[in-house]
Amino acid sequence: RHGSQRIRFSHRCADLPQGHVQHVEAPLNLFLQEVVAGSHAANATYMDEHLLDKDERQEVLQRLPAFLKEDFFQSHFPPEFSVSPLCFIVGGPGSRSTLHADHLSWTGWNLLLS
């Protein structure tokens with residue numbers, strides 16, 4: 001459904017200095033092929049809060065258990081602080097995130113599919 005959609009993802013490989021990533025733009029289906037072929041030394045990571053349109057987001061959110069549906073950003077913060085209720089994150093073997101602190105001490109639930 002979204003395979004031909006162009007995305008921007010991070011690619012890490014041995015040719016780059018340690019800790020550096022290359023940002024690549026390509027169709028989602030090509031990124032997924034790179035994830036499958038990835039290794040600890042050469043890997044790809046993609047994060048997108050807007051991959052799904054409004055109807056698709058609602059479809060996913062309706063299937064969540066009640067404790068995952070509560071959104072404190074909607075009920076306790078002004079609209080300027082609203083964040084997407086879903087974030088699509090994909091990474092293959094060796095992919096990782098940089099050490100960071102999210103704004104407003106953001107925490108979220110993760111679902112790991114293997």
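Let us begin with E56, which sits in helix 2. Helices here are DSSP runs of H or I with at least four residues, strands are runs of E with at least two, and both are numbered from the N terminus. The model is a predicted one, in which local features need pLDDT of at least 70 and side-chain atom pairs count only at pLDDT 80 or more, while totals for chains, interfaces and linings use all residues. Residues are numbered from 1 along each chain as its sequence is written, and side-chain values use heavy atoms, with hydrogens and water left out.

How open to the outside is E56, buried or exposed? E56 counts as buried because its relative accessibility is 7%; the cut-offs are under 20% relative accessible area for buried, over 50% for exposed, and partly exposed in between, using a 1.4 Å probe and protein chains only. Setting aside residues up to four places away in sequence, E56 touches R1, H2 and L51. Contact here means heavy atoms within 4.5 Å.

Helix 2 covers residues 54-62 and also holds L61. With a relative accessible area of 18%, L61 is buried. Beyond its neighbours within four places in sequence, L61 is in contact with K69, P85 and L86.

Now step back to the whole chain. There are four helices and four strands, and from the N terminus on they follow the order β-β-α-β-α-α-α-β. The chain has 114 residues, of which 22% count as buried. Among contacts with a separation of 6 or more, 62% come from residues 24 or more positions apart.

Where the centres of two Phe, Tyr or Trp rings (for Trp, the six-membered ring) lie within 6.5 Å, the rings pair; planes under 30 degrees apart count as stacked, over 60 as edge-to-face and the rest as tilted. How many such pairs does the whole structure hold? A search finds three aromatic pairs. In one of them, F9 and F31 have ring centres 4.8 Å apart and planes at 50 degrees, so this pair is tilted. The pair links distant parts of the chain, since F9 belongs to strand 1 (residues 6-12) and F31 to helix 1 (residues 28-37), 22 residues apart. Both F9 and F31 are buried.

F31 also pairs with Y46: their ring centres are 5.6 Å apart and their planes meet at 65 degrees, so this pair is edge-to-face. Because F31 lies in helix 1 and Y46 in strand 3 (residues 43-48), the pair ties together parts that are 15 residues apart in sequence. F31 has a relative accessibility of 0% and so counts as buried, and Y46 is buried too, at 2%. Ring pairs link F9, F31, Y46 and F88 into a cluster.

On a 1 Å grid over the protein atoms alone, a cavity is a set of points where a 1.4 Å probe fits but cannot get out, whereas a pocket is an open set with protein on both sides within 12 Å along at least five of seven lines; lining residues have an atom within 4 Å of a point. The search finds one cavity of 30 Å³ or more. The largest cavity has a volume of about 50 Å³, a volume being the space filled by probe spheres set on grid points, which are joined across faces, edges and corners. Its lining consists of D48, E49, H50, L51, L52, R57, S84, L86, C87 and F88.

Open space is found elsewhere. The second largest pocket holds about 170 Å³, and its lining includes C13, H40 and R96. H40 is placed in the loop between helix 1 and strand 3 and counts as exposed, with 58% relative accessibility. Not counting residues up to four places away in sequence, H40 touches P93, G94 and R96.

Finally, a word on cysteines. C13 counts as buried at 16% relative accessibility, while C87 counts as partly exposed at 36%. The structure holds zero disulfides, a disulfide being a pair of cysteine sulfur atoms within 2.5 Å.
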